[in-house]
Amino acid sequence: MRGKDIAAWYFLWPMLCSDGSGQAGAVEERSFFAFCRRAERLGIRTAWPHESQLYRLLCGKLWLPQMSLNRQFRVPPTTRVHLSEVRQGG
């Protein structure tokens, strides 16, 4: 690639399950974001849909508990439970 600005567009759908649930474009979430971070470290900017850190925050719905702490955002009270705790029954 010889262009001055290099960017990547990913038309994929990160999912927790590794099989993709049979959906076209579905990829395993951890592998996808690990790939995005490696590409960004090499200077390949993620342009679509968002920079990998923001995309992870949005598609993982990690923003909800943070935003629910401030009433001005009008997000219902929200909590986060780790998958490992659910699997352990704790």
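Mentor: The side chain of Ser 68 places a polar atom 3.0 Å from the backbone oxygen of Pro 65. This is a polar contact (N or O atoms within 3.5 Å, within protein one able to donate a hydrogen and the other to accept it; residues adjacent in sequence count only if both atoms are side-chain atoms). The model is predicted: local features need pLDDT of at least 70 and side-chain atom pairs pLDDT 80 or more, whereas totals for chains, interfaces and linings use all residues. Residues are numbered from 1 along each chain as its sequence is written, and side-chain values use heavy atoms, without hydrogens or water.

Ser 68 lies in the loop between helix H3 (63-67) and helix H4 (83-88); helices (H or I, at least four residues) and strands (E, at least two) are DSSP runs numbered from the N terminus. With a relative accessible area of 15%, Ser 68 is buried (buried is under 20%, exposed over 50%, partly exposed in between; 1.4 Å probe, protein chains only). Beyond four places in sequence, Ser 68 is in contact with Val 75, Pro 76, Pro 77 and Thr 78, contact meaning heavy atoms within 4.5 Å.

Ala 47 belongs to strand E4 and is partly exposed, at 26% relative accessibility. Apart from neighbours within four places in sequence, Ala 47 is in contact with Ala 7, Ala 8 and Trp 9. Trp 48 is likewise placed in strand E4, residues 45-48.

The aromatic residues come next. The whole structure holds eight aromatic pairs (ring centres of Phe, Tyr and Trp, its six-membered ring, within 6.5 Å; stacked under 30 degrees, edge-to-face over 60, otherwise tilted). One of them joins Phe 11 and Trp 48 in a tilted arrangement, 6.1 Å centre to centre with 35 degrees between the planes. The partners are 37 residues apart, Phe 11 being in the loop between strand E1 (7-9) and strand E2 (13-15) and Trp 48 in strand E4. Phe 11 is exposed at 59% relative accessibility, and Trp 48 is partly exposed at 39%.

A further pair is Phe 32 with Tyr 55: the ring centres are 6.3 Å apart and the planes are at 80 degrees, so the pair is edge-to-face. This pair links helix H1 (residues 29-41), which holds Phe 32, to helix H2 (residues 52-59), which holds Tyr 55, across 23 residues. Phe 32 is buried at 6% relative accessible area, and Tyr 55 is buried at 10%. Tyr 10, Phe 32, Phe 33, Phe 35 and Tyr 55 form one aromatic cluster.
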